Structure formats: structure tokens, C-alpha cells
Amino acid sequence: MPDIHVSAAIIVDDDGRVLVVRKHGTTRFMQPGGKPETGETPAQTLIRELHEELGLVLDEGDLRPLGRFMSAAANEPGHRVVADAFTVSIAHADVAVQAELAELRWITPADAETLPLAPLSVEHLLPLAWARGS
């Protein structure tokens with residue numbers, strides 16, 4: 001199964017809700033982030049993607065690495081996503097939909113039960129976010 005490498009962010013607001021996004025032309029919500037450009041580290045990729053997608057201005061000191069996680073890709077059948085995940089805390093008002101994003105939502109564990117979510121979010125990132133309380 002071909003791998004798709006990405007960097008992903010678990011972004012938690014002051015109320016403990018986790019940010020998920022949905023890209024244009026897709027149905028599943030996932031953590032914001034994206035694929036690296038040539039020569040980028042996972043942290044550099046995430047900083048660029050969060051700026052492009054959400055208007056966030058961050059530096060590497062704002063990111064806390066969580067590890068590397070693998071799941072079936074949400075939007076590319078027959079592929080596996082390999083995600084370098086980071087967590088960051090921000091204020092709810094600091095983000096706005098930009099670039100290829102169609103929608104964003106701040107969700108609780110109850111919301112996650114009814115929302116169509118990417119496998120990576122369901123299997124790894126959301127449980128990690130809520131277990132850590134970060």
C-alpha cells in the first residue's frame with residue numbers, strides 16, 4: 001500500500017475542543033495539516049500548512065511533537081497516511097477557513113460520534129487529544 005506522508009496538528013482551544021477541518025470536494029473531517037514540500041521538516045510543513053489553511057502564524061517552539069501515526073488515507077483509496085503529529089493550543093478566534101478548506105469545526109468527544117472523520121483522526125489523533133487533556 002503506497003504511503004502518503006503528512007504533518008498533522010491536534011489543535012485544542014481554551015475549552016478543550018479539538019479543531020477538525022474538511023477540504024473542498026471531500027466529506028470527512030480531519031486534523032489540519034498537509035504534505036511536505038521538498039526539503040521541509042515535518043514541523044516546517046505543519047507551520048506552512050497551518051498558515052495557508054487557517055491563517056495561523058506559528059514557529060517551531062509552539063509545536064509539541066506527539067509521534068508518527070499510520071492509518072488508511074481518508075481521501076486516497078488504497079493508500080496509507082503516515083502522519084507526524086504535533087499539538088498546539090490556540091484561542092478559538094485565531095483561525096479562519098482559507099486555501100483548500102471548505103469548513104472547520106471545534107468538536108467534543110460527543111460531536112466525534114456523529115461526524116464523518118478520517119481514520120487517522122478516529123484511530124489515533126482524537127483519542128490522544130482527549131486522553132492527554134491537551
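**Close-up views of a predicted protein chain**

**View 1. Surface and overall size of the protein chain.** The protein chain exposes about 6600 Å², and carbon and sulfur atoms supply 52% of that area. Accessible areas come from the Shrake-Rupley method with a 1.4 Å probe; for residues, only the protein chains shown count as cover. This is a predicted model, where local features need pLDDT of at least 70, side-chain atom pairs count only at pLDDT 80 or more, and totals for chains, interfaces and linings use all residues. Residues are numbered from 1 along each chain as its sequence is written, and side-chain values use heavy atoms, with hydrogens and water left out. The C-alpha atoms fill a box of roughly 40 × 35 × 30 Å, taken along the principal axes.

**View 2. Helices and strands of the protein chain.** The chain has 3 helices and 6 strands. Their order along the sequence is β-β-β-α-β-β-β-α-α. The radius of gyration is 13 Å, close to the 14 Å that the globule rule gives for 134 residues, so the chain is as compact as a globular protein of that length. (Helices, H or I, at least four residues, and strands, E, at least two, are DSSP runs numbered from the N terminus; the radius is taken over C-alpha atoms, and the globule rule is 2.2 Å times the number of residues to the power 0.38.)

**View 3. Confidence along the chain.** The average pLDDT, the predictor's confidence in each residue from 0 to 100, is 90, and 96% of the residues score at least 70.

**View 4. The largest nonpolar core.** This core has 22 residues; Ile10, Leu117 and Leu125 have the most contacts inside it. Two or more residues come from each of β1 (3–12), β2 (18–23), β4, β5 (80–89) and α3. Strand β1 gives the largest share, 5 residues. A second, separate core of 20 residues includes Ile47, Leu58, Ile90 and Leu101. (A nonpolar core is a set of buried Ala, Val, Leu, Ile, Met, Phe, Trp, Tyr and Cys residues joined through side-chain atoms within 4.5 Å.)

View 5. Isoleucine 10 lies in strand β1. It is buried, with a relative accessible area of 1%. (Buried means under 20% relative accessible area, exposed over 50%, partly exposed in between, with a 1.4 Å probe and protein chains only.) Beyond four places in sequence, its contacts (heavy atoms within 4.5 Å) include Val18, Leu66, Phe86 and Leu125.
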